[in-house]
Amino acid sequence: MKVAVFNTKRYERPVLEKSADGFPIEFTFLEPRLDVQTALLAAGHEAVLIFVNDVANRSVLEQLAAGGTRFLATRSAGFNQIDRQAACELGITLAYVPAYSPNAVAEFTIGLILTLGRHIHEGHNRVRRADFNLEGLCGFELRDMTVGVCGTGRIGTEVVKLLSGFGCKILAYDEEPNEQVMLLASYVDTREELFRYSDILTLHVPLMPSTYHLIDNEALKLMKDGVFLINTSRGALIDTPAVVEGLKSRKVGFLAIDVYEEEACLFFEDHSSDIIRDDTFARLLTFPNVIVTGHQAFLTMHALRNIAETTMQSLDEFAKGFPCTHAVPAP
Ligand code: NAD
């Protein structure tokens with residue numbers, strides 16, 4: 001089977017090739033991301049693999065279908081970039097990787113809290129320029145904090161487990177509370193309660209119409225002054241201009257994000273010689289109490305291997321006409 005792999009990165013290609021050993025698969029590795037201009041590159045490929053910032057809207061899917069594509073898999077846990085209704089109408093089977101490594105993202109989330117809360121990044125920068133002054137580096141201890149976990153699915157649950165080792169008070173909110181979390185955290189009934197009582201708030205819900213701009217002006221008004229926000233889920237959960245205003249007024253005391261609403265034209269590429277045209281993003285980089293990483297929370301060797309193996313399983317099932325174990329849920 002001919003498989004077009006969009007948005008291929010050097011770090012994942014050998015892992016994909018190794019996991020395809022023994023499968024009758026011929027990869028075409030493509031550097032561009034999938035969009036309406038590049039969809040033609042997939043012509044003649046029965047299967048297409050994409051990643052988080054590829055565009056799989058109706059017009060792209062129509063082009064893929066016209067070129068003979070019958071299967072599309074995203075090498076990610078989120079699938080908000082795919083128009084599932086259009087894929088269904090065009091007869092394109094969809095697969096994803098629901099749980100390649102919740103720990104990878106959960107551990108990164110804890111890393112962001114510790115880094116920003118203890119100014120580790122700033123301490124590192126100072127020592128590299130032989131500045132050993134500790135002014136401004138006073139941090140906080142997690143055991144004094146109430147941490148709110150919004151979304152206790154696979155990743156949120158791992159975050160709760162890791163947090164429980166720090167002795168902090170853990171609050172959680174999810175439309176479907178789970179028993180593992182109940183042993184370690186207290187569920188609140190509404191997300192407004194979570195906003196009101198958390199010193200630190202970390203987001204682990206998927207991006208959907210009901211979670212779009214979950215953190216906006218109204219949500220910020222409910223929060224404690226100096227709240228610490230972390231988003232390792234999807235950028236559009238946060239109304240970034242509202243949070244920038246919150247940082248300016250000190251309503252938001254700390255912000256750590258691995259994802260950004262307009263990340264598609266920035267992340268995963270080297271733009272160090274370019275002019276950044278996104279003023280909101282550029283403003284974020286000026287705050288000393290903000291950390292931004294470029295959607296790297298997933299990136300561990302364990303996760304890359306699981307992504308490749310699960311994707312290969314999905315391709316194999318599709319090739320054999322079996323039901324897809326990791327099918328994207330119907331719209
Ligand atoms: P999951 O499906 O296991 O869990 C999501 C949880 O959110 C579920 O328990 C669900 O009940 C809950 N939920 C859904 N809508 C809600 C709402 N409106 N209010 C409250 N709770 C709600 O997903 P997961 O594997 O834990 O992943 C969470 C998200 O993390 C993914 O959707 C993806 O966008 C993101 N992610 C980011 C990275 C990264 O590298 N930064 C990597 C993997 C996943």
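Guide: The model is a predicted one. Its largest pocket has a volume of about 1,300 Å³. Of the 47 residues lining that pocket, Ala-77, His-204, Val-205, Pro-206 and Leu-207 are the closest to its centre. By class, the lining of the largest pocket comprises 24 nonpolar, 15 polar and 8 charged residues. Both domain 1 (2–100 + 300–319) and domain 2 (102–292) contribute at least three residues each to this lining. As for helices, H4 (102–117) and H6 (154–163) each provide at least two residues of the lining, and H6 gives the largest share, 3 residues.

The second largest pocket has a volume of about 300 Å³. Its lining numbers 18 residues, of which Val-52, Asn-53, Asn-80, Glu-261 and Ala-264 lie closest to the centre. These lining residues divide into 7 nonpolar, 5 polar and 6 charged. Here, too, domain 1 (2–100 + 300–319) and domain 2 (102–292) each supply at least three residues.

The structure contains 3 cavities of 30 Å³ or more. The largest cavity has a volume of about 70 Å³, and its lining includes Asn-7, Lys-9, Phe-51, Arg-75 and Phe-268. That lining has 6 nonpolar, 1 polar and 3 charged residues. The second largest cavity holds about 50 Å³ of space. Glu-261, listed above for the second largest pocket, is also among the residues lining this second cavity, together with Asn-231, Leu-255 and Tyr-260. The lining of the second largest cavity divides into 5 nonpolar, 3 polar and 1 charged.

Technical notes:
Residues numbered from 1 in each chain as written. Predicted model: local features only at pLDDT ≥ 70, side-chain atom pairs only at ≥ 80, totals over all residues. Heavy atoms only, no water. 1 Å grid on protein atoms, 1.4 Å probe; cavity = no way out; pocket = protein on both sides within 12 Å on 5 of 7 lines; lining within 4 Å. Points joined across faces, edges and corners; volume = space filled by probe spheres on them. Nonpolar A, V, L, I, M, F, W, Y, C, P; charged D, E, K, R; others polar. Helix = DSSP H or I, 4+ residues; strand = E, 2+ residues; numbered from the N terminus. Domains from an automatic or database assignment.
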